[in-house]
Amino acid sequence: MRVADDGLHIDIIFDDKKYCDLNPVLFGWHDCTPGHAYGPHIRDCYLIHYVISGKGEYTSPRGHYDVSEGQMFLIRPSEVTYYRASDDEPWHYIWIGFNGQLASCFEALPDVCTLTDPTLFMDMLDCERYKSMRSEFLTGQLYLLMAEMLKSDVEETDTGSATMSKYAHRAADYIEKNYMQSISVENISYDMGLSRRYLTTLFKREYGVTTKEYITSVKMRHAKEFLQDGYSVGQTAAMTGYSDYFNFTRMYKKYYGLSPSHEGRANK
């Protein structure tokens, strides 16, 4: 901690562990004096400032912004930036600098945005307690911040092919890995932050079937394999996420045109 002409300033010292994905390199907070400015300056890492209180201004190659309490501004590497505390309500902010292969994901953010969960930055201050594990703690907080800031509230007007493919493939991968459980379209769409109707639209365009039909096809494909391997109908139903034996039998017959018990006998 140091108190200088520019106000109370704390830099947290920790080892640069050079993690590949997200790697914190700078962290601290500053209770600025009126009019305190920094820049023009160029950074060699991504740097996010979160304004705890007060206000100021931030200038990037894309524009000039007024920034106030509850907002954060993003500094990108190799860009000339300038920021200055207000004369009448100087800001108090927390900052974190980082690099790594996933750091570029933050490029999707605007220069200035509002953080809906301020505890993400306030919790970072706990890193002082971790001493030799500060890098690990801040790395974990960076992942939480990335998840919060980059979570997608996809609108139904977003019909870009890349977006459609990404969400459809993510849902398909989940279904393939969890076919042994009871899966519902509602749960998948909720976990992905999409409406059921929109997810179904994406799925239909990508795979030619609805999400529900895809779930059924994956379960039935595995069910057929289990029966051919000699498992009983009851065992197969349980292993493909059906708690109701008769519901499974009805679904299998509807899908393949013959009962699962017939499938089992045919392979004995």
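Guide: A residue is called buried when its relative accessible area is under 20%, exposed when it is over 50%, and partly exposed in between, using a 1.4 Å probe and protein chains only. The model is a predicted one, in which local features need pLDDT of at least 70 and side-chain atom pairs count only at pLDDT 80 or more, while totals for chains, interfaces and linings use all residues. Residues are numbered from 1 along each chain as its sequence is written, and side-chain values use heavy atoms, with hydrogens and water left out.

The helix for the close look is α5, which covers residues 196-207; helices (H or I, at least four residues) and strands (E, at least two) are DSSP runs, numbered from the N terminus. The expected span of a helix is 1.5 Å times one less than its number of residues, and the 12 residues of α5 reach 16 Å from first C-alpha to last, close to the 16 Å expected. Within α5, the residues Tyr198, Leu199, Leu202 and Phe203 are buried. Seen down the axis of α5, its buried residues fall within an arc of 135°, so they line one face of the helix; the arc is that of the directions from the helix axis to the C-beta atoms. On the face of α5 turned away from this buried side sit the exposed residues Arg197 and Arg205. After α5 comes Gly208, whose phi is positive, near 80°.

Thr211 belongs to helix α6, residues 211-228, and it counts as buried at 0% relative accessibility. If neighbours within four places in sequence are left aside, Thr211 is in contact (heavy atoms within 4.5 Å) with Leu199, Thr200 and Phe203, and also with Ile175 and Val185.

The N-terminal end of α8 is capped by Asp244, with a side-chain oxygen 2.9 Å from the backbone nitrogen of Phe246. Just after α8, Gly257 takes a positive phi of about 85°.

Positive phi values also occur in residues other than glycine. Lys18, with phi near 55°, lies in the loop between β2 (7-11) and β3 (23-32), and is exposed with a relative accessible area of 61%. Ser78, with phi near 70°, lies in the loop between β8 (71-75) and β9 (80-85), and counts as exposed at 62% relative accessibility. Another backbone feature is the cis peptide bond joining Gly39 and Pro40, with omega about 0°; Pro40 is placed in strand β4, residues 37-42.

For the chain as a whole, there are nine helices and 11 strands, and buried residues make up 43% of its 268 residues. Of the contacts with a separation of 6 or more, 69% are between residues 24 or more positions apart. A search of the whole structure finds zero disulfides, a disulfide being a pair of cysteine sulfur atoms within 2.5 Å. As for individual cysteines, Cys32 is buried with a relative accessible area of 5%, whereas Cys105 counts as partly exposed at 31%.

Methods. A polar contact is a pair of N or O atoms within 3.5 Å; within protein, one must be able to donate a hydrogen and the other to accept it, and residues adjacent in sequence count only if both atoms are side-chain atoms.
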